[in-house]
Amino acid sequence: SKTQDVIFDYYLDKDEIIFRNKGHGWWGLYNIMKNIPESFISGGKVSEETSGEIRKTFKEIREGKESSSCIFCSHSKGNLWEKMTLTNIFDDSGKVMHSVGVIEDITVQKEQEEQARQGQEYQKIFLAHLMYSCSLNLTRDIFSTDKEGDVRQNKSYDEVLKDFLTSSVYEEDKEKVEAALSRKSLLQRYENGEDEITVELSRTDGEKGVYWTEYRLHLAKESDSSDVRAIVLVKNIDYQKRRELSLQYKAQIDALTQLYNRETTESFIDAFLAGQKKNGLIQAFMILDLDNFKQINDIFGHAQGDFVLTDVASKIRGNFRKTDVLGRLGGDEFIILMKDVDSIDDVGISARELVKVIKHTYEEGGQKVTISASVGIAIFPIHGKDFKTLYKKADAALYSVKRNTKNGYAIYTGTKEDEGA
């Protein structure tokens, strides 16, 4: 809230200020200040950047100027923006008797000015990346643009969207983009109270290649016809989006193996399983634990241990599809979710191949250590429907492999063998 104005008299001959506000509390000083203007500025009471303005104002008043003012940032009660105005009072002969000063709190005004400036800067940046704009009459299915020579000018919006989906949108994204930008969807969202809609998508262009764009739609209803219209602003956000995705990727990835980290693995698996519907396919949850890995660290050192982990991660990637979830939970423990598998027999085939490819003898300085893999498997939805449940069952199956042969796999059965009895 705005503080009370501070009023004072400045006596040039005595070089002192007397405040009229009793208990004004300005900077916690007494009612009389001497050595003007340095007493205003000393001790960090005024920001260094604006102290020169105070010196200039007092100088102009001492030189006989009728009035002078300045804006400065004070630290009296936090950072406040204040305006000081000094006015000379003259006698009948034109000689300065003394000056009257007023200090006003203009912090709110300065903040509003700064917000407006930032808004203007944002608008400049936005317009600098604006590719084009168009307008839509969603009610009457009309597309229009000011772009000269645009071949879409005489087409309906439905036709323009259809052509756009065919020429510029990846096949796997078409259904999602159509659902977001169709007239039916936009009209429904407007009726639900949305008047600004933003859609980001990666599009392909013959000249520019692949790049990210933002479609921002501002929806409103015409007062005379009640037609729903949309202004569409299309912006190139490729640089910002790629940087954002890069940071997101780094946050999701285990730095050593470049597989998903524990948190991301669990999150992705739970999200995928929660969206599964009965389709006759199964999801195989695997825990892979390396046999004899401790010997690698003990004999060859941790640098070689890191090499083995990256080597194993590479073999895991080579053994599964890009659509499967591959993660490292920490240490020498890995998680694999095989998606949409036809049968448990197929899971067994993949597990045997994985165990086979992981087994390898590492040699250095005449010493050898053979690394192999023990794999425990649980099946969704038979053994559980979420990460924690499937992990518990797969871990029990893994235990049975570890306590018996190692270098193998087991699918959870619920028997005493799984539970370690």
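**Exercise 1. The largest nonpolar core**

Task: find which members of the 32-residue largest nonpolar core touch the most other members.

Solution. Met-286, Leu-288, Leu-290, Ile-316, Phe-334 and Ile-336 touch the most other members of this core. A nonpolar core is a set of buried Ala, Val, Leu, Ile, Met, Phe, Trp, Tyr and Cys residues joined through side-chain atoms within 4.5 Å. Buried means under 20% relative accessible area, exposed over 50%, and partly exposed in between (1.4 Å probe, protein chains only).

Next, ask which elements supply the core. At least two residues each come from β12 (282–291), α9 (293–300), α10 (302–319), β14 (333–341), α11 (344–358) and β16 (367–380). The most come from β16, with 6 residues. Helices (H or I, at least four residues) and strands (E, at least two) are DSSP runs, numbered from the N terminus.

A second, separate core has 26 residues, among them Cys-134, Tyr-157, Leu-186 and Val-199. In soluble globular proteins, nonpolar side chains tend to be buried together.

A note on the model: it is predicted, so local features need pLDDT of at least 70, side-chain atom pairs count only at pLDDT 80 or more, and totals for chains, interfaces and linings use all residues. Residues are numbered from 1 along each chain as its sequence is written, and side-chain values use heavy atoms, with hydrogens and water left out.

**Exercise 2. Phe-334 and Thr-257**

Task: list what Phe-334 touches, not counting residues up to four places away in sequence. Then place Thr-257.

Solution. Contact means heavy atoms within 4.5 Å. Phe-334 touches Thr-257, Leu-259, Met-286, Ile-287, Leu-288, Leu-290, Leu-309, Val-312, Ala-313, Ile-316, Gly-327 and Arg-328, with residues up to four places away in sequence not counted.

Now turn to Thr-257. Thr-257 sits in the loop between α7 (238–252) and α8 (262–274). Its relative accessible area is 2%, so Thr-257 is buried. Not counting residues up to four places away in sequence, Thr-257 touches Leu-309, Ala-313, Arg-317, Arg-328 and Phe-334.

**Exercise 3. Two helix pairs**

Task: describe how α4 packs with α5, and how α8 crosses α12.

Solution. Two packed helices are described by the angle between their axes and the distance between the axes. Axes are lines fitted to C-alpha atoms, for helices over the stretch in contact, and angles run from 0 to 180 degrees between N-to-C directions. Angles under 35 degrees count as roughly parallel, over 145 as roughly antiparallel, 65 to 115 as roughly perpendicular and the rest as oblique.

Start with α4 (residues 157–168) and α5 (residues 174–181). They pack at about 160°, and their axes are 10 Å apart. The two helices are therefore roughly antiparallel. On the α4 side, the contact is made by Tyr-157, Leu-161, Phe-164, Leu-165 and Thr-166; on the α5 side, by Lys-174, Val-177, Glu-178 and Leu-181. By class, this contact of α4 with α5 has 6 nonpolar, 1 polar and 2 charged residues. For these classes, Ala, Val, Leu, Ile, Met, Phe, Trp, Tyr, Cys and Pro count as nonpolar, Asp, Glu, Lys and Arg as charged, and the others, Gly among them, as polar.

Now the second pair. The axes of α8 and α12 cross at roughly 110° and come within 9 Å. That makes α8 roughly perpendicular to α12. Thr-265, Glu-266, Ile-269, Asp-270 and Leu-273 of α8 meet Phe-387, Lys-388 and Leu-390 of α12. The contact of α8 with α12 divides into 4 nonpolar, 1 polar and 3 charged residues.

**Exercise 4. Backbone checks**

Task: Then place Asp-141 and Asn-407.

Solution. Pro-37 is in the loop between β3 (32–34) and α1 (38–41). Pro-381 is in the loop between β16 and α12 (387–403).

Then check phi. Asp-141 is not a glycine, yet its phi is positive, about 60°. Asp-141 is in the loop between β7 (130–137) and β8 (142–144). At 16% relative accessibility, Asp-141 counts as buried. Asn-407 also has a positive phi, near 45°. Asn-407 lies in the loop between α12 and β17 (408–411). At 30% relative accessibility, Asn-407 counts as partly exposed.
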